[in-house]
Amino acid sequence: MKESYLSETTILDFNHETIQRLINERNWQALDDFNKIGAAYSFVKDEIQFGYNRSDDIAASKVLADGYGQCNTKGNLLMALLRALGIQCRFHGFTIDQQLQRGAIPVYVFWLAPKYIIHSWVEVLFDGEWINLEGFILDHNYLSSVQAKFSQDEESFCGYGVATTCLNNPQTEWTGKDTYIQKEGIHDDFGVYNTPDEFYSEKGTNLSGVKRWLYQSVIRHLININVNRLRNASNQSRGENAQPQS
């Protein structure tokens, strides 16, 4: 069973040269397991910005090349990095209520979103226990912007890619324990899978047909412009500049 939690797949293409180069440049292999998980987690959380890729089931190397992702695609990259580092991990599939995405997805394209959206988190084996990792979805700058915009909502909040009982201090940093940022929006629980490949083969992705084409060709770019605008609202006040996504 251990091998199945460390195997490479089409989506978890961790032997791709760009993924191996990243690991070597950061010297992550020299770390202990706690810090290997923390390094991969923090990289995916904050150096891969929150944004919307072409599809949920794209390869980890493509997510790395894009430089942005959402729950499912960032999860693909995190799993690939963890397995490349010899850390066992698995996929847990869900759906979340579309209302969680309101604000991140502009109102004028919100009609495209399914009522219940495919969602996932990564489960990592650490110290003999499976730890849930979901708090990597939103990068620090984007989350800070949402917190600043809704500073009066310090506790329960749903929207803008967030569903938490504590907006002011969500559990998003790696400390060896579960991390969450969208858990309170979960609707369906599909259980655990060895790989995202198995899950998407069984459940499919969020969109198909004409809606999929519209999303990939036009609408995701509009959503990413909106996400960047939200991120920059906080960044500009700190004199920071976010990289554009497309």
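The exercises below treat aromatic pairs, charges over rings and salt bridges in a predicted model.

Residues are numbered from 1 along each chain as its sequence is written, and side-chain values use heavy atoms, with hydrogens and water left out. Local features need pLDDT of at least 70 and side-chain atom pairs count only at pLDDT 80 or more, whereas totals for chains, interfaces and linings use all residues.

**Exercise 1.** Classify the aromatic pair of Tyr5 and Trp130, and locate both rings in the chain.

*Solution.* Rings of Phe, Tyr and Trp (its six-membered ring) pair if their centres lie within 6.5 Å, and planes under 30 degrees apart count as stacked, over 60 as edge-to-face and the rest as tilted. By this rule there are 18 aromatic pairs. For Tyr5 and Trp130 the centres are 5.0 Å apart and the planes stand at 75 degrees, which makes the pair edge-to-face. Tyr5 belongs to the segment before α1 (17-26) and Trp130 to strand β5 (residues 129-133), 125 residues apart; helices (H or I, at least four residues) and strands (E, at least two) are DSSP runs, numbered from the N terminus. With a 1.4 Å probe and protein chains only, buried means under 20% relative accessible area, exposed over 50%, and partly exposed in between. Tyr5, at 12%, is therefore buried, while Trp130, at 26%, is partly exposed.

**Exercise 2.** How is the pair of Phe94 and Trp121 classified?

*Solution.* The ring centres of Phe94 and Trp121 lie 4.4 Å apart with the planes at 55 degrees, so this pair is tilted. Because Phe94 is in strand β3 (residues 89-97) and Trp121 in strand β4 (residues 116-126), the pair ties together parts 27 residues apart in sequence. Phe94 is buried at 2% relative accessible area, and Trp121 is buried at 6%.

**Exercise 3.** Which ring lies under the charged end of Arg102?

*Solution.* A charge sits over a ring if NZ of Lys or CZ of Arg is within 6 Å of the ring centre and within 35 degrees of the ring normal. The charged end of Arg102 sits over the ring of Phe110, at 4.1 Å from its centre.

**Exercise 4.** Describe the salt bridge between Lys45 and Glu173.

*Solution.* A salt bridge is a side-chain nitrogen of Lys or Arg within 4 Å of a carboxyl oxygen of Asp or Glu, and the count comes to eight. Lys45 and Glu173 meet at 3.2 Å, N to O. Lys45 lies in helix α2 and Glu173 in the loop between β7 (162-164) and β8 (186-193), so the bridge ties together parts 128 residues apart in sequence. Lys45 is buried at 2% relative accessibility, whereas Glu173 is partly exposed at 46%.
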